[in-house]
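Open the model in your viewer and keep the sequence beside it. The stops below say what to select next and what is there.

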Amino acid sequence: MIDGDLKQRLLAAFRGESADRMRVLSNDFVRLEKGCGKEDLSAVIESSYRELHSLKGAARAVGLGMKDGLVPSDRICSIMLGWLDLLEDMLREEDDS
């Protein structure tokens with residue numbers, strides 16, 4: 001368990017880090033939306049995955065991660081399923097070209 005002062009400092013650092021990572025994700029999403037070329041597609045997906053994975057780890061480190069035995073909310077599940085659909089569509093388009 002993290003004490004109050006340390007937790008507040010860690011949360012402040014997390015807010016800054018998460019803002020930076022969300023900016024990268026936003027840029028990645030814009031690139032996907034505009035239709036990046038085939039050569040960039042893999043890099044954009046890899047970048048997005050890396051940023052999401054890092055955000056998850058940082059959130060868990062400051063106590064914002066899921067607790068054992070709990071399931072993510074319906075909203076989180078919906079977002080994750082949307083990502084899977086997007087990735088499937090991109091892979092299908094690659095296969096068809």
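## The whole chain

Of the 97 residues in the protein, 18% are buried, meaning under 20% relative accessible area with a 1.4 Å probe, protein chains only. This is a predicted model, in which local features need pLDDT of at least 70, side-chain atom pairs count only at pLDDT 80 or more, and totals for chains, interfaces and linings use all residues. Residues are numbered from 1 along each chain as its sequence is written, and side-chain values use heavy atoms, with hydrogens and water left out.

Colour by secondary structure: the protein has three helices and zero strands (DSSP runs, H or I of at least four residues for helices, E of at least two for strands, numbered from the N terminus).

## Helices α1 and α2

Select residues 4-34, helix α1, and residues 38-61, helix α2; their axes come within 9 Å and cross at roughly 155°. Axes are lines fitted to C-alpha atoms over the stretch in contact, with angles from 0 to 180 degrees between N-to-C directions. The two helices are therefore roughly antiparallel (an angle over 145 degrees).

Next, show side chains where they touch, with heavy atoms within 4.5 Å. Among the residues of this contact are F14, L25 and F29 of α1 and L41, V44 and L55 of α2.

## Along α2

Keep α2 selected: its buried residues are L41, V44, S47, S48, E51, L55, A58 and A59. Which residue just after α2 takes a positive phi? Select G63, where phi is about 85°.

Notes:
Parallel < 35°, antiparallel > 145°, perpendicular 65-115°, else oblique. Buried < 20%, exposed > 50% of the residue type's maximum accessible area, 1.4 Å probe, protein only.
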